[in-house]
Amino acid sequence: MNGAVRGVGLAVIAGVFVGGWLWVRGEPETNGTGAAHAATAGVKVKMWQSSQQCKSCHQKVWDEWYGSHHQIAYTNPEVRRLSEDFRIKDCQACHLPRQVALTGFGKRSLPRQTRPNEGVDCITCHLAADGTIMGKRDMPKAPCAPKANADFASVNMCASCHNQHQTTDQWRASKYAKEGKTCHDCHMGKFGHGFNAAHDTAMLRAAGELTVEFAAGELKMTLFNKGAGHNFPTEERHRALDIEYGFPDAKGEVATWQRAYRFRQPYRDEPGENTQLPAMAKKSVSAKVPEGAERAKVRLWYRLNPFAKNGDKASTLLEEKEISLR
Amino acid sequence: MSFHRCGTGTRETGGAVSIGRRSTRRRSVLLGICAVAFGSVPACTRNPLHAKAAPQPASAPKPPAYTPRLAEFRKLMEAEPKPLEGPRLGELRDLMETAFTSQDQRLRKMAKSSLLEAAECDAVLEMGLTHERAEVRSNAAFELGNRKCRRAVPLLLRRMKDETSAAEPRFYLADALCRLDNLAALPELLEAMEGALAQRAAGTAITLLDRCGRSPGSAPTYAALRAGLRLLYREWCVLGRVPVVEPVPLDAVARARLGRCFVDMVGKELRPVDEARYVLSRMGAPAVSLLERVLDAEELYLRQHGLEILRRMGLQSSSVASKVRPLLGDPQLRGEAAATLGEIGAIDAVPDLLALLEDPDIEVQCAAAGAFGPLAAHGAVPQLEALLSRQETPMDLRVRAAFSLAMLRPHGPGFPFLRARLQQGDYHAPTVRELLDRVIESW
C-alpha cells in the first residue's frame, strides 16, 4: 500500500470520526430567527430566552433598563408587599409577563415563570409571537434580525399592561392623543429604556404646576396637570397626590399641616370618588385663613401609597410655596 | 468513494498535476480533504435525537376545536336573582340589624323570627355577608349555613377572601361552608380551633366528622379533632366533595353565580378576575364540569384562567386530564397546560411532557420540567438529572428540574441545588423559597 492510499484511508477514518462526533453532539440548528447565533455565556441557544442575550450587542440599552422599574417589576419589595408576595396571581401577568405579542397588543399579557429577576424585559416587548425579534425597522443583517412591526412601540403595546389601571384610556381622552404624542415621547424620549415615570422626581415635577393666591380672605390653591398625558396621579390606586397648607409662626415653622385636597382613585371597596386630575385639567381648592396669619405655606406631595406620611420614603415633596397674606 | 475518484479524475484531466513523489503528496492531501468532507456529511444532516428547532415538538397534540363559550356563561347568569330594592330592602335590612345586633334579647328574638320567616330571607342574609358590622356578617353566615342555603356557597367563598382580619366572621363563614358540604374552609376552621373560638369550632368539627362517619367519640381531645379535620381536608383536596355524603347538584342560582365568575375572568378589571378564580378554585367537584367547558373555549382568557384554577384544585380535577392534554398543542398555553397536567396528576401525559422538554420555548420547557415532581413521574428522573447536570442548561430550567427532582428523589441532587441557589443568591430567592416549601411539603 503506497503512501497516498494510506493517507486517504486515514483521512476517511478521521473524517468519519469527526463527522460522527458532530452528528452525535447535535449542533443546534437555526430556527430562522437568528437566535441560533446568539450566545449566553458562550453557549449557543435556540430561541430568545433571556434579556441577557441582548446585552452583548446592546450594552447601552441594557444599562438604561437595568435597575429601572420595569426590570425590578417582580422583585420590587413594595410591589411584593402590595401583591401579597404575588399570591394575587393577576399582578404577575404584568409584573412578570410573557411577550406582549403572544396575546396581542392591547390585550392582557400572560404570566411567565422564568427570569424572575428580569421583570418587564427586552423579550416582553421585542419578541414576536413567532419567535422573531420586532423593532421599528427591518434590520435583516443584524444578528437578531429585527423585523419592522407597525404596532411596535405603539400606545397599544403599553396598553397591554398599563391600561389595567386605565392609563392609556386616560391618554386617549387627552389632547396628546389627538396630537399623536405617545407614551414613548415622554417616557422614552429623554430616558431611553429606563422608562422613567412616577419614581422620577423631575418627571413628577414636570407634570403638575401648583399656584397659590390669596383673595377675599381665602387661600386659593390650584393644581394644573400641565405635563402628564394622562391623569395625575395615574396607574395604581395606591398613588396619591396631596395639597397641604399651613400658616408659619414668627420663626417660619408650621405647627400643623392641613390637607386641602387629595387626588386619588380609591380602592374598589373604599368609599369616595376618583379625584385624579385629567391631562390639562385644573383643580382649585380654597381654605379659610385664620385671623392674624401673615403668611401661608402650601406643599404638593406625591405618595406611592395613600398611608405614607410626610418624610416617609414613599412620600416625595414636589413643590413648596410661601405667600404673604397681607 | 466514487465522489473522491471523480474529483481526482477531474483534477488529473486538467493536466495540472504531473506524476511523481510531490504530486502524490499533493494528491493525498486533496484526497484527505475530500475524505474529511465526506465523513462530515452526516454532521450536516439532522440528528433526530436533537430535533429541537421545530417551532413545536412533532408529537405535540392537536389543539381542540375552539368554541365560543362566553355567551353560554352569560346565559347562565340570567338565573341570578334580582337584587332587593326599594322600601322593602330598607325594612328587611333594619330587621336583620335588629335581629343580630340589638341589646334587647326579646326584641332580638322577635326580629330574628320575623326575618327567618320572610320570603326574601336568604337574599337579605346574603347581603348581610358584606355588612359593615362583624356581628351581622357572622350571624348572616351562620344562618345561611343553618338554612342549608346552597346557592350562597359562591358568596360565602367570595366573602372568605376578604374576611382576613376578623376572626369571628371567618369562623362562621367556615362553619357555614362545612354545613353546605364545602370543605375548602377547613384550614380556617382549624385556625379557629387555636384561638378564642376553639370551643365553637370544636362543635362544628364534631358535627362534621359525625356526618362523614368519622365520629371522634364522646369526649374527643382537640388534638383528635384537629387530626380528624386534617385527614378530612386531605380527602377533600383529592375528591372535591365530602366523603360518604351524597353530593347535591348545584341549583340554577349557584350555577348563575359561577357563570358570573367566568364572565368576570375575561373582563378588564383584575380584582374581579382574582375573586372569580378564588371562588371557582374552592368550589370543589361541582365546579369541575363547568371548568371542563372552558378548556376548549375560543376565548383565550377563559382557557388560561380555567387552567390556572384546575392547577389550584389539583387532584380534585384529575377527571379532566383528557381535556387538558390537547392544550399541549395550544400555541399560547401549552406551558400552562403542561403545568396543569402535573398538578392534576395526569400520569398518562408523561410522554407528552417529556417531549416538551425539547420545546423551543424555555417557558414551556420549564413548565414541563416542573410538572414531573407533582406528578410523581419517576420515569423522568434521568432526563431531569441530565438537565440539572449540564452547565449550559439555562438556570430557569435547572431550577425547575431541581424542583421536580427534589420531590422525586429526596436524597438526589435537586434539593442541594435549590438550597445552593438560596445560599449563593444567584436566583430569585422568593421563587426558590416557594419551590422549597412545596418540596418539603411533598415529603
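A338(B), in this predicted model, is in contact with L328(B), L353(B), L356(B), V364(B), A367(B), A368(B) and A371(B), once its neighbours within four places in sequence are set aside. The largest nonpolar core has 163 residues, and A338(B) is, with L156(B) and L177(B), among the three that touch the most other members. In soluble globular proteins, nonpolar side chains tend to be buried together.

**The two chains**

Chain B has 25 helices and 0 strands, while chain A has 11 helices and 11 strands. The table sets out some overall values for each chain.

| Chain | Residues | Buried |
|---|---|---|
| Chain A | 326 residues | 38% |
| Chain B | 443 residues | 42% |

As for contacts between residues at least 6 apart in sequence, 55% of those in chain A join residues at least 24 apart. In chain B, residues 24 or more positions apart account for 66% of the contacts with a separation of 6 or more.

**Domains of chain B**

Chain B is divided into domain 1 (2-41), domain 2 (85-239) and domain 3 (252-442). The centres of domain 2 and domain 3 of chain B, taken over C-alpha atoms, are separated by 33 Å. Their contact takes 14 residues from domain 2 of chain B and 13 residues from domain 3 of chain B. On the domain 2 side, the elements giving two or more residues are α9 (153-162) and α13 (222-239) of chain B. Of these, α9(B) gives the most, with 6 residues. By class, this side of domain 2 of chain B has 9 nonpolar, 1 polar and 4 charged residues.

Let us look at α13(B) next. This helix has 18 residues and reaches 25 Å from its first C-alpha to its last, close to the 26 Å expected at 1.5 Å a residue. Which residues of α13(B) are buried? They are L225(B), L229(B), L232(B) and W236(B). These residues cover an arc of only 65° around the axis, so they sit on the same side of α13(B). The face turned away from that buried side carries the exposed residues A223(B) and R234(B). What covers the buried residues of α13(B) includes α11 (186-192) and α12 (198-211) of chain B. After α13(B) comes G240(B), whose phi is positive, near 75°.

Helix α5 (residues 87-101) of chain B can be read in a similar way. It has 15 residues, and from its first C-alpha to its last α5(B) reaches 21 Å, close to the 21 Å expected at 1.5 Å a residue. Its buried residues are L92(B), M96(B), A99(B) and F100(B). Their arc around the axis is only 85°, which puts them on the same side of α5(B). On the other side of α5(B), the exposed residues are P87(B), G90(B) and D94(B). The cover over the buried residues of α5(B) includes α6 (105-117), α7 (121-128) and α8 (134-146) of chain B.

**Domains of chain A**

Chain A is divided into domain 1 (39-194) and domain 2 (201-324). The centres of these two domains of chain A, taken over C-alpha atoms, are 33 Å apart. In their contact, 11 residues of domain 1 of chain A meet 11 residues of domain 2 of chain A. On the domain 1 side, α4 (77-82), α8 (167-172) and α9 (175-179) of chain A each supply at least two residues. The most comes from α8(A), with 3 residues. The residues on this side of domain 1 of chain A divide into 4 nonpolar, 4 polar and 3 charged.

**Backbone details to look up**

Most residues other than glycine have a negative phi, and most peptide bonds are trans. With that in mind, a few places deserve a look. A cis peptide bond joins F232(A) and P233(A), with omega about -5°. P233(A) is found in the loop between β6 (218-225) and β7 (240-246) of chain A.

Phi of A145(A) is positive, near 45°. A145(A) has its place in the loop between β3 (134-135) and β4 (147-148) of chain A. With 17 other C-beta atoms within 10 Å, A145(A) is partly exposed.

In chain B, D181(B) has a positive phi near 65°, and its place is in the loop between α10 (167-179) and α11 of chain B. Is D181(B) buried or exposed? D181(B) is buried, because 21 other C-beta atoms lie within 10 Å and the cut-off is 20 or more.

How values were computed: Residues numbered from 1 in each chain as written. Chains lettered and ligands numbered in written order. Predicted model: local features only at pLDDT ≥ 70, side-chain atom pairs only at ≥ 80, totals over all residues. Helix = DSSP H or I, 4+ residues; strand = E, 2+ residues; numbered from the N terminus. Buried ≥ 20, exposed ≤ 12 C-beta atoms within 10 Å, placed from the backbone. Contact = placed C-beta atoms within 7 Å. Expected span 1.5 Å × (residues − 1). Arc of directions from axis to C-beta. Domains from an automatic or database assignment. Nonpolar A, V, L, I, M, F, W, Y, C, P; charged D, E, K, R; others polar. Core = buried A, V, L, I, M, F, W, Y, C linked by C-beta atoms within 7 Å.
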